Amino acid sequence: MSEAQQRAIDALYPQFGLAFRDTPINASTIFHRHAPLVLEIGSGMGETTAAIAAARPDTDFIAIEVHLPGIGALLKHIATRGLTNVRVIRHDALAVLQTMIAADSLAGVHLYFPDPWPKKRHHKRRVVSVENLLLIHQKMQKNGILTVATDHPSYLEWIVEIT
């Protein structure tokens, strides 16, 4: 982790970070407004998250990431762009979905370039699975949008097959 990423975590995580908890969050309380809520599973280094949040100031975003340098990088992007519509959770995304996200609360879910786990014996680790899609569906509002992107051809085939 770079020194700049660590500084961003130290300075900004208290303001933009959300602690994992076992009860649903209230987005209106967190963001101090009523707006569509989008969950990003695996925000990586945060460039895409920040760009989308900047382009959609009328929407609130919760980014889930476990990689601490990625969280630091996203926090730097939040500060640089002056974003107020992004919060970050450092925890397992499925646990967050199961406990922190209420049913029918999400306008969208973003899942960009998840690990393809290409070996057949590892497919059970894929985020995109029937079980996980059912969980996401429970958390989505009517007409919610799930956006998935991959550059792995066999993962794309998998996604198309199970959806």
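Predicted model: local features only at pLDDT ≥ 70, side-chain atom pairs only at ≥ 80, totals over all residues.
Student: Is Q5 buried or exposed?

Tutor: Q5 lies in helix α1. A residue counts as buried when its relative accessible area is under 20%. The value for Q5 is 10%, so Q5 is buried.

Student: Leaving aside neighbours within four places in sequence, which residues is Q5 in contact with?

Tutor: P69 has already come up, as its backbone oxygen is reached by the side chain of Q5. P69 is also one of the buried residues of α4. With those sequence neighbours left aside, the contacts of Q5 are M45, P69, G72, A73 and K76.

Student: Which elements do the buried residues of α4 pack against?

Tutor: Helix α4 covers residues 68-81 and reaches 20 Å from its first C-alpha to its last. Its buried residues include I71, L74, L75 and I78. The buried residues of α4 pack against α1, α3, β3 and β4.

Student: What residue follows α4, and what is its phi?

Tutor: Helix α4 ends at residue 81. The residue that follows is G82, with a positive phi near 65 degrees.

Student: How many residues of the lining of the largest pocket are charged?

Tutor: The largest pocket holds about 420 Å³ of space. Its lining has 22 residues, and those closest to the centre are I41, G42, D92, A93 and V127. The lining divides into 11 nonpolar residues, four polar and, as charged ones, seven.

Definitions and conventions
Residues numbered from 1 in each chain as written. Heavy atoms only, no water. Helix = DSSP H or I, 4+ residues; strand = E, 2+ residues; numbered from the N terminus. Expected span 1.5 Å × (residues − 1). Buried < 20%, exposed > 50% of the residue type's maximum accessible area, 1.4 Å probe, protein only. Contact = heavy atoms within 4.5 Å. 1 Å grid on protein atoms, 1.4 Å probe; cavity = no way out; pocket = protein on both sides within 12 Å on 5 of 7 lines; lining within 4 Å. Points joined across faces, edges and corners; volume = space filled by probe spheres on them. Nonpolar A, V, L, I, M, F, W, Y, C, P; charged D, E, K, R; others polar. Polar contact = N/O pair within 3.5 Å; in protein donor to acceptor, adjacent residues only side chain to side chain.
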